[in-house]
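Hi,

Here is the structure I promised to pass on.

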Amino acid sequence: MDESYIIEQAKKFKAIDIASAKAWIITAKTLYPNNFNVQYQAYQIEKEGNNFEEAAKCFSYIILNVQHPNVQILEEEISELTNALKNENEITSQQEFYVKMFQHVSYEVQHKILMMTVNNTENSLNQCKLLLLVFKRFPQAAVTHSPRLLEMIADGMKQNPQKYQEMLVEEALPLIYHKTPDLATNPNLVCRLFTISLEYYIRQILDEVKCDTNDIWKKIFQVLMLCGKIQRWEAFLPFNKSWGQNVYWDKLIEIVSTSPAGSNQVLFYATTLFIYSLHCYIKNCNTRPEEVEINHVLVEGFSDWKVERLDPQMEPPQISLTTPTSKEISKAFVHAAQCWQLLNTEQFQREFSKLLLTLPLSPWISRFLFDLAIYFGHQEEAKKLMLEMTIKSSLVHHILKLGLNLLQGKLSFEGFECILKILAELPSTSGQFLEHLTLKVPRHMIFIPLTQKALLQYCCKAIVSNLCRRIYEPNCPDEILGDLLILVQLEYPREKELAEQIFSIIATRRNFTFHNFSSFIVTVDFIEEFMAIWNSHNEDFNLDLTPSDVNAATTTRRTRCTDKGARDDTRIILKQQLSRCNENIVLLLANFISQEQMRLMHSLFDVEMNQF
């Protein structure tokens with residue numbers, strides 16, 4: 001009586017008398033304990049009876065003690081089992097048996113079953129999935145088998161980048177953060193895994209409007225720390241959103257001082273800090289106070305430096321804090337600039353450039369490089385980069401162009417055209433006036449928010465800074481003095497010194513004509529100053545406040561101290577002007593520049609108006 005006969009008897013009785021079938025199988029197992037067919041039939045009987053505990057014992061015995069001549073049958077059964085395990089949340093009733101049976105199999109057998117499946121699977125994607133299943137059920141296996149998994153994922157990127165990249169970042173790395181794989185002899189693989197992960201997370205930051213960027217950066221720093229552990233580098237710092245970039249920069253400099261030239265350690269750490277600082281810079285440039293997005297743009301500030309201006313390329317300027325947000329923006333920008341300079345030294349430039357090509361950073365880099373060029377005073381490079389940049393907002397384009405124009409030292413005709421275009425597109429958000437727009441330094445820069453008040457203030461300051469140079473001329477025209485008084489109203493009393501200087505010049509003259517007085521002077525102190533000048537002079541002073549379009553024959557009010565009626569008329573004009581002191585100064589001055597643009601160009605650039 002051989003095992004075939006006993007197995008046939010067991011099969012015959014299985015449908016009509018299960019107890020007899022089991023008796024035949026027990027006999028067979030006693031006579032042929034290591035026979036695959038006997039043991040597998042015993043397993044099948046328990047499986048069909050849904051006895052997962054007994055089936056687990058039979059299956060374990062086959063795996064541990066029996067030679068497997070019929071490999072295909074066993075492989076198919078193991079495949080069914082692993083498929084059920086991979087989809088535990090969505091399983092059929094048959095797959096539910098496999099899941100429950102597996103729970104009663106010893107860890108040793110579980111591990112052996114899964115590794116057999118891995119080794120017998122030809123499809124690399126399925127192999128990766130099975131190894132991940134092994135790591136989830138046997139965390140210690142990651143120490144041994146993670147190098148194999150990571151190598152397969154890196155190779156799989158050639159066939160299906162998106163699938164393997166997601167598998168690496170979302171499934172593989174979280175399972176091996178605390179089980180450092182032995183890849184110290186394969187630094188190229190470590191570099192690839194780092195760049196693959198970095199690219200994935202950067203795309204998340206770029207594509208996901210509502211993603212938690214702090215959580216993403218925490219994961220990026222985890223990958224960085226893992227790579228450092230693999231390579232046995234000095235540990236960097238974990239991500240902490242409450243730390244400023246300066247904390248990381250100080251640590252980086254400390255590591256640079258003890259690292260060999262061109263080390264991958266510095267390359268990885270500096271690249272991560274650069275991208276982090278760059279992201280903070282771009283993010284902070286677009287703030288959303290009260291759900292209104294406000295873009296900030298880096299532009300040239302104004303200088304009250306009396307000494308001849310130094311070469312702008314000699315050293316980087318300070319960035320003035322003009323708004324509450326500008327502190328965080330400037331910090332991020334400066335640290336990104338420091339990392340960029342380090343990474344573009346001879347020892348890192350080649351590898352850093354190659355690394356950048358693999359990352360989707362072009363939307364950030366083009367803006368950053370332009371800002372960097374104007375920050376260091378590289379005018380020609382900035383002009384070239386502006387031509388290459390894609391700027392969706394025409395308002396942003398015009399303010400960048402104006403800032404670049406002012407970097408050259410003096411407002412030009414092209415710069416004034418930018419002012420007119422900016423005023424034609426003033427945003428609806430009012431905003432606040434800026435602090436520290438002008439400093440007594442050779443050069444400084446500001447982050448200007450694209451709001452009504454800030455933009456008008458910047459445009460007015462650009463005009464005033466160039467126009468006020470003419471008050472030192474021996475016979476500065478009345479209209480220039482009047483235009484300056486109109487423009488400095490916006491920053492009065494901050495511009496009190498300039499206003500007093502203008503009034504001092506007016507007071508020394510015998511005549512002063514100011515046709516735009518009644519249209520654009522609304523500052524109480526200015527009106528009262530005109531009253532004081534008028535009241536303190538006798539018949540030797542002529543003051544003409546008549547609008548230029550009024551008929552001279554009927555309405556001109558050229559007043560003289562000898563003409564009491566005319567003096568009363570002037571007093572009435574000045575008093576009437578006080579009623580306008582609460583007018584919207586922003587709209588008033590925007591209208592002034594637009595309406596008087598031809599005259600202003602004539603005064604600024606000393607050309608005849610018929611040339612425009």
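D483 and R599 form a salt bridge, with their closest N and O atoms 2.9 Å apart (by salt bridge I mean a side-chain nitrogen of Lys or Arg within 4 Å of a carboxyl oxygen of Asp or Glu). The pair links distant parts of the chain, 116 residues apart: D483 is in helix α22 (residues 478–488) and R599 in helix α29 (residues 597–605). Salt bridges with shared partners join E479, D483, E596 and R599 into one network. D483 counts as buried because its relative accessibility is 2%, and R599 counts as buried at 15%. Buried here is under 20% relative accessible area, exposed is over 50%, and partly exposed is in between, with a 1.4 Å probe and protein chains only. Helices are DSSP runs of H or I with at least four residues, and strands are runs of E with at least two, numbered from the N terminus.

Before you read on: this is a predicted model, where local features need pLDDT of at least 70, side-chain atom pairs count only at pLDDT 80 or more, and totals for chains, interfaces and linings use all residues. Residues are numbered from 1 along each chain as its sequence is written, and side-chain values use heavy atoms, with hydrogens and water left out.

Back to the salt bridges: a search of the whole structure finds 25. Among them is K383 with E380, at 3.5 Å from N to O. Those two are 3 residues apart in helix α18 (residues 379–388), so about one helical turn separates them. K383 is partly exposed at 31%, while E380 is exposed at 56%. Another one pairs E473 with R470, at 3.1 Å from N to O; E473 is partly exposed at 33% and R470 is buried at 18%.

There's also a negative surface patch, made up of E497, E500, D525, E528 and E529. For patches, residues need over 30% relative accessible area and no salt bridge; like charges are joined within 9 Å, and nonpolar side chains (Val, Leu, Ile, Met, Phe, Trp, Tyr) within 5 Å. Helices α23 (496–507) and α25 (524–536) each supply at least two of its residues, and α25 gives the most, with 3. E529 sits in α25 and is partly exposed at 33%.

Last one: T121 lies in the loop between α7 (107–120) and α8 (124–137). T121 is buried, at 16%. Leaving out residues up to four places away in sequence, T121 touches N126, Q127 and L130 (contact means heavy atoms within 4.5 Å).

Cheers

How values were computed:
Accessible areas come from the Shrake-Rupley method with a 1.4 Å probe; for residues, only the protein chains shown count as cover. Lys and Arg count as positive and Asp and Glu as negative; His and the chain ends are not counted. The place of a charge is taken as NZ of Lys, CZ of Arg, CG of Asp or CD of Glu.
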